[in-house]
Amino acid sequence: MGGTSSKLPKDLLSEYQELTFLTKQEILLAHKIFSELQGGENGPYSSRVSMQKILTLPELKANPFRKRLCHVFSTSDMKDGSLNFEDFLDLLSAFSDTATLEIKSHYAFRIFDFDDDGTLDARDLEKLVNCLTGETDDTRLTAEEMRQLISNILEESDIDKDGTVNLSEFQHVISRSPDFVSSFKIVL
Amino acid sequence: RLILSHLSLQAPQWISEQGRSRGAIISQYCNRTMQLRRRRQSRPSIQHFPRSARPSIRGYGVETDAAGFEEEENKRDRLVNNLQNLSDSDRVRMLRAMPLSLSEKKEMLVLNKAEHSVSQNQIPCCSQLKYYIIIALRHGWYGWLSFLSSLQLWQTALKCVGGRFGTGVLSYFIFLRTLLFFNVFLFLVTGLLLVVPQAITHPDQDQNITVRSSWGLEVLTGAGYFSHSLLYYGYYNNQTLQTGHSCSASGNGTSCSSGLSYNMPLVYFFTIGAAFFITCIILVYSMSKSFGQSFRIDKSKGLLAIKVFSSWDFKVIKKSSVRLQRANIGTQLKELVAEVNRQEQKFPVLQRLFRLFIHMLAWIMCLGSTLACVLAVYYFSEHMHGAASSDPLLKEASLLAVPVVVSSINLLLPGFFNVVAWMEKYDSPSMLNYISISRNLLLKVSVLGVLCYHWLGRVATDPQSLGLECWESFVGQELYRFLLMDFIFMLLDTFFGEFLVFSQKALKRKRKPVFDIARNVLELIYGQTLAWLGVLFSPLLPAVQIIKLLFLFYMKKVSLKMNCQASGKPWRACQMTTIFITLLCFPAFLGATVCVTYTMWSITPSAGCGPFRGLKNMFQAGKRWVHRLAAVNPDLHWLASAHSYLVENPLFLFLCAGIFLIMIYFHSQVVDGQRKIIELLQEQIENVRRESCEYVTVSSSYV
């Protein structure tokens with residue numbers, strides 16, 4: 001960690017303010033934290049931080065979806081989940097207080113889509129439920145309960161009955177849940 | 001045609017494989033910006049509708065991104081073009097809402113600005129000036145928003161609490177912060193308009209009595225030294241305050257007569273009225289906003305899917321809390337799956353009757369205990385005021401008796417209700433929650449009701465029987481004592497209920513206590529009701545409430561961290577927040593307003609103290625001013641007649657209430673209609689799917 005704390009230029013700052021849901025304080029704080037993750041290298045706007053380093057952040061360390069978060073927001077060509085500063089801002093913006101329900105539900109869908117095929121099929125749902133309930137045996141669902149749960153979910157949310165939940169169906173389900181917006185938040 | 005329809009069915013399949021591909025997003029937003037432009041320009045253009053084979057869905061913005069890369073580029077150019085033609089605020093909002101990565105949005109912005117700057121040279125100079133003004137205003141607006149968000153009180157503390165205990169407990173602290181802001185507002189209004197002018201000018205000479213109590217109980221009882229101070233109503237002047245004194249010391253004598261005049265009774269009346277009115281508007285606004293967020297038309301279906309998709313609280317960051325949350329969700333999912341899939345169990349009639357009997361017994365016990373406590377408070381307060389004691393210390397301490405009794409009732413009885421509820425069996429934990437909240441609320445409302453009757457019905461109408469010269473100051477002192485006792489008992493409750501280490505060993509519990517959110521929020525609402533009741537009689541009471549809330553925040557936070565653990569039961573934060581704001585508005589604020597209005601309308605103020613002495617009721621202050629204005633200025637006589645017809649005539653108020661009820665009925669019918677539309681649309685989707693399946697089978701039979 002060198003003493004070179006590169007400052008964010010003003011025009012970039014105002015651009016980020018316009019394009020994301022973050023306030024100026026939040027963007028500056030994100031910049032500070034990201035620079036610390038990089039170890040004080042110069043030029044944070046295009047250089048990437050590896051996934052392992054991002055996952056050392058206290059806000060993400062214990063989250064069961066942390067790897068999916070990195071993969072979804074990463075624009076890296078190597079698909080290794082590394083984030084540059086703008087990806088990091090994207091992440092924070094989607095999880096901020098003022099982000100719209102549409103943005104949140106869009107990214108939630110991509111996070112839950114474990115195989116990145118654009119729909120939530122039974123395998124994705126099973127992985128999702130396992131992420132939610134944990135690895136220990138007493139909290140995990142039995143195979144029978146899992147099967148029952150997935151068929152219930154598909155029955156409730158699959159409107160066109162193709163066996164998968166696509167984005168519109170997902171957003172329809174989410175729109176009926178008033179707690180989604182308040183729980184889909186990360187504060188730095 | 002059949003082959004075309006077959007192809008068009010392939011396209012949605014392909015889209016769903018790509019997911020929300022970039023092209024799909026861009027074309028969707030292309031259509032949206034086009035619609036927005038059309039809406040702003042109010043001119044439809046049919047050629048922009050995307051091509052689709054099914055005529056019924058043409059024009060609904062369905063993305064059919066079936067072509068290759070070149071079409072995507074075209075779409076992007078079209079999107080940039082559309083964005084340019086929108087107004088600045090629309091463009092910013094559209095760009096923000098697009099779920100694309102930041103680098104792509106920046107490219108679009110750059111393209112946008114490039115085109116913009118090219119055409120900028122051709123803009124005449126006045127439009128350029130307007131452009132710069134708009135840019136400056138926008139920067140100013142962002143700066144103001146940043147400043148507001150930097151003022152967020154306790155941001156880090158709330159984040160820690162949310163990170164460890166989740167959204168439910170966090171909502172208690174956010175509610176506390178909201179109440180703090182209400183009180184700060186009240187304090188500023190009454191402080192600036194009432195306390196400061198009265199403090200600056202000299203007090204009435206005939207009120208120069210100081211009663212000193214040597215036992216130091218003043219802080220607790222609010223009497224003694226405080227009874228003739230700015231804290232209470234009795235101190236305030238009923239004349240028009242003049243700043244003549246300061247004038248005579250300096251300057252020439254001729255300008256002294258035109259010193260600042262400040263009509264204290266009028267200002268007192270209007271300040272309290274305006275403060276309540278503005279608080280009402282803010283409360284109703286936040287209630288409707290919260291209601292809008294949490295109300296859902298179709299609540300019965302889709303519980304499991306909603307639970308799975310939206311139950312993970314991303315705010316929780318502590319490892320142990322994450323583990324606990326996972327365990328909770330696992331248990332809830334298992335319960336829900338079992339519940340949804342269980343066969344309709346027919347309990348034997350005897351068991352059902354037995355359960356009904358238990359419920360009725362529980363309710364009788366709770367209502368009976370509430371009634372007993374209310375009667376106890378009623379007779380005890382009467383007795384305490386009748387009893388006269390010679391010993392001054394005992395006399396002072398006896399003032400504290402009724403508040404102590406009421407606070408201990410408020411502390412002990414909800415615990416009793418919890419025990420009673422433990423013996424009943426409820427179908428769902430949320431039902432249990434609602435029942436306990438309503439029992440607690442009933443208790444507090446009845447206790448407050450009997451106290452208001454005691455103050456306004458007994459003390460105010462017959463102050464001589466108690467030897468009081470200034471009943472308003474006395475009521476103000478009572479409210480101060482109640483507020484303070486409430487705080488002290490909350491301190492004791494936190495200390496004994498949560499802090500004491502031996503309580504764990506004493507009760508041999510392995511688990512730490514759980515923070516009871518509903519009970520704590522109801523305590524907050526009770527305290528706030530007392531503060532609202534007391535503003536009229538004690539203008540500095542909001543300051544006391546502010547200090548109390550500040551202490552409470554830090555105390556509860558420390559106690560939480562040291563002693564409590566996160567709850568195992570589900571807590572629907574959004575719904576409960578709406579319920580609490582509604583409870584704050586309806587029984588609490590409405591009750592306080594009714595009491596204050598009743599006091600102002602029908603009770604005679606004391607003749608010897610306060611700003612309204614000599615008037616028939618406090619309302620007269622406003623009326624006299626209006627009449628005086630009309631007498632001085634004949635053109636304003638319509639004001640006086642409007643006042644007597646509108647404000648004093650109950651018919652006008654009934655009319656307002658009637659219109660309000662009609663609007664509510666109308667809105668509820670609209671919601672009903674929307675519910676029916678949703679059902680019809682779902683049926684339509686089913687039919688479309690079935691038809692398309694038939695098309696596929698028919699077309700494949702042709703091929």
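Buried, in this talk, means under 20% relative accessible area. By that cut-off A:Ser74 counts as buried, because its relative accessibility is 15%. I begin there and work outwards to the contact between the chains. One caution before that: this is a predicted model.

A:Ser74 sits in the loop between α5 and α6 of chain A. Leaving aside residues up to four places away in sequence, A:Ser74 touches A:Arg48, A:Gly81, A:Ser82, A:Leu83 and A:Asp87. A:Lys79 counts as exposed, because its relative accessibility is 65%. The backbone at A:Lys79 has a phi near 55°, which is positive in a residue other than glycine.

Helix α5 of chain A covers residues 66-73. Its buried residues are A:Arg68, A:Leu69, A:Cys70, A:Val72 and A:Phe73. What covers them includes α3 (51-54), α4 (58-61), α6 (85-94) and α7 (101-112) of chain A.

A:Asp116 also has a positive phi, about 55°, although it is not a glycine. A:Asp116 lies in the loop between α7 and α8 (122-133) of chain A. With a relative accessibility of 54%, A:Asp116 counts as exposed. As for salt bridges within chain A, A:Asp115, A:Asp121 and A:Arg123 are linked in a network.

There is a record for part of this chain. An unreviewed UniProt entry annotates residues 100-135 and 145-180 of chain A as "domain: EF-hand". In the model, residues 100-135 of chain A are 67% helix and 0% strand, with the end C-alpha atoms 32 Å apart. Residues 145-180 of chain A are 64% helix and 0% strand, and there the end C-alpha atoms lie 24 Å apart.

Next, chain B. Chain B has 703 residues, of which 43% count as buried. It contains 25 helices and two strands. Among its contacts between residues at least 6 apart in sequence, 79% join residues at least 24 apart.

B:Thr178 and B:Ile581 are 403 residues apart in sequence, and their C-alpha atoms are 10.0 Å apart. B:Val184 and B:Gly658 are 474 residues apart in sequence, with a C-alpha to C-alpha distance of 34 Å. B:Thr178 counts as partly exposed at 30% relative accessibility, and B:Val184 counts as partly exposed at 31%.

One salt bridge inside chain B joins B:Lys548 and B:Asp486, with the closest N and O atoms 3.2 Å apart. The pair links distant parts of the chain, from B:Lys548 in helix α21 (residues 541-563) to B:Asp486 in helix α18 (residues 471-499), 62 residues apart. Both B:Lys548 and B:Asp486 are buried.

That leaves the interface. How much area do chain A and chain B bury between them? The value is about 6,100 Å², 62% of it on carbon and sulfur atoms. The contact involves 73 residues from chain A and 66 residues from chain B.

On the polar side, 19 residue pairs are in polar contact between chain A and chain B, counting pairs with both residues at pLDDT 80 or more. By class, the side of chain A that touches chain B has 33 nonpolar, 21 polar and 19 charged residues.

One cross-chain pair is B:Lys106 with A:Glu86, at 2.5 Å from N to O. It runs from helix α5 (residues 102-120) of chain B to helix α6 of chain A. B:Lys106 and A:Glu86 are both buried.

Another pair is B:Arg32 with A:Glu102, where the closest N and O atoms are 3.3 Å apart. B:Arg32 lies in helix α2 (residues 22-41) of chain B, and A:Glu102 lies in helix α7 of chain A. B:Arg32 counts as partly exposed, because its relative accessibility is 27%. A:Glu102 counts as partly exposed too, at 28%.

Technical notes: Residues are numbered from 1 along each chain as its sequence is written. Chains are lettered from A and ligands numbered from 1 in the order in which they are written. This is a predicted model: local features need pLDDT of at least 70, side-chain atom pairs count only at pLDDT 80 or more; totals for chains, interfaces and linings use all residues. Side-chain values use heavy atoms; hydrogens and water are left out. Buried means under 20% relative accessible area, exposed over 50%, partly exposed in between (1.4 Å probe, protein chains only). Contact means heavy atoms within 4.5 Å. Buried area is the accessible area (1.4 Å probe) that two parts lose on being put together, summed over both. A salt bridge is a side-chain nitrogen of Lys or Arg within 4 Å of a carboxyl oxygen of Asp or Glu. A polar contact is a pair of N or O atoms within 3.5 Å; within protein, one must be able to donate a hydrogen and the other to accept it, and residues adjacent in sequence count only if both atoms are side-chain atoms. Ala, Val, Leu, Ile, Met, Phe, Trp, Tyr, Cys and Pro count as nonpolar, Asp, Glu, Lys and Arg as charged, and the others, Gly among them, as polar. UniProt positions are given in the numbering used here, feature names are shortened, and annotations may be inferred rather than shown by experiment. Helices (H or I, at least four residues) and strands (E, at least two) are DSSP runs, numbered from the N terminus.
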